[in-house]
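This report concerns salt bridges and the helices that they join.

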Amino acid sequence: MKHWIKRTLFGFAGLAVVAGSIAGCAGHRHGWGGDSAEFRAKMVERVGSKLELDAAQKQKLTVLAEKLQAQRQAMRGAGGSGDPRSQFKALFAGNTLDQAGAARLIEEKTAAVRTGSPEVIAAAADFFDHLNAAQQQKVRDFMERGGRRWSRHG
């Protein structure tokens with residue numbers, strides 16, 4: 001595989017881990033009482049401080065966080081049509097598995113990923129490609145730890 005393809009795929013994987021941690025934090029507020037925009041801003045600020053981002057890089061991270069939030073909403077269903085857990089449990093409500101319902105659910109989620117992924121990938125690439133080498137290494141180190149929280153010292 002060509003070097004630039006490997007590098008691009010590795011970059012996307014790393015960015016996906018960082019983005020996933022942002023999206024995960026946005027999904028699990030643990031008592032956060034504010035709106036999602038305010039929470040997203042705090043997460044961008046936290047990640048920004050850990051990576052020592054400049055204003056332009058923070059703006060790119062904000063765009064990425066917004067794209068991830070939109071993708072998350074799309075995965076939940078059109079118009080917030082329900083809790084994914086409830087939708088899944090409903091497939092098992094009868095005496096037999098609702099195979100047609102399962103197929104519809106899979107198709108909905110697949111379509112949401114297919115539709116939103118190009119924007120998320122473009123935002124992720126734009127953010128990652130504008131990090132300097134040290135910042136990119138911090139992202140790689142974060143991924144190496146399995147995407148666990150940023151340490152207090154790094």
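K138 is partly exposed at 25% relative accessibility, whereas E52 is exposed at 60%; buried means under 20% relative accessible area, exposed over 50% and partly exposed in between, with a 1.4 Å probe and protein chains only. The two side chains meet in a salt bridge at 3.6 Å, N to O, the term denoting a side-chain nitrogen of Lys or Arg within 4 Å of a carboxyl oxygen of Asp or Glu. This pair links distant parts of the chain, 86 residues apart: K138 lies in helix α6 (residues 133-144) and E52 in the loop between α2 (36-51) and α3. Helices are DSSP runs of H or I with at least four residues, numbered from the N terminus.

## Basis of the model

The model is predicted: local features need pLDDT of at least 70 and side-chain atom pairs count only at pLDDT 80 or more, while totals for chains, interfaces and linings use all residues. Residues are numbered from 1 along each chain as its sequence is written, and side-chain values use heavy atoms, without hydrogens and water.

## Pairs between α3 and α5

The count comes to four salt bridges. One of them joins D126 and K60 at 3.1 Å, N to O; because D126 lies in helix α5 (residues 99-129) and K60 in helix α3, parts 66 residues apart in sequence are tied together.

K67 forms a salt bridge with E119, with the closest N and O atoms 3.2 Å apart. K67 belongs to α3 and E119 to α5, so this pair ties together parts 52 residues apart in sequence. K67 is partly exposed at 29% relative accessibility, as is E119 at 46%.

Methods. Helices (H or I, at least four residues) and strands (E, at least two) are DSSP runs, numbered from the N terminus.
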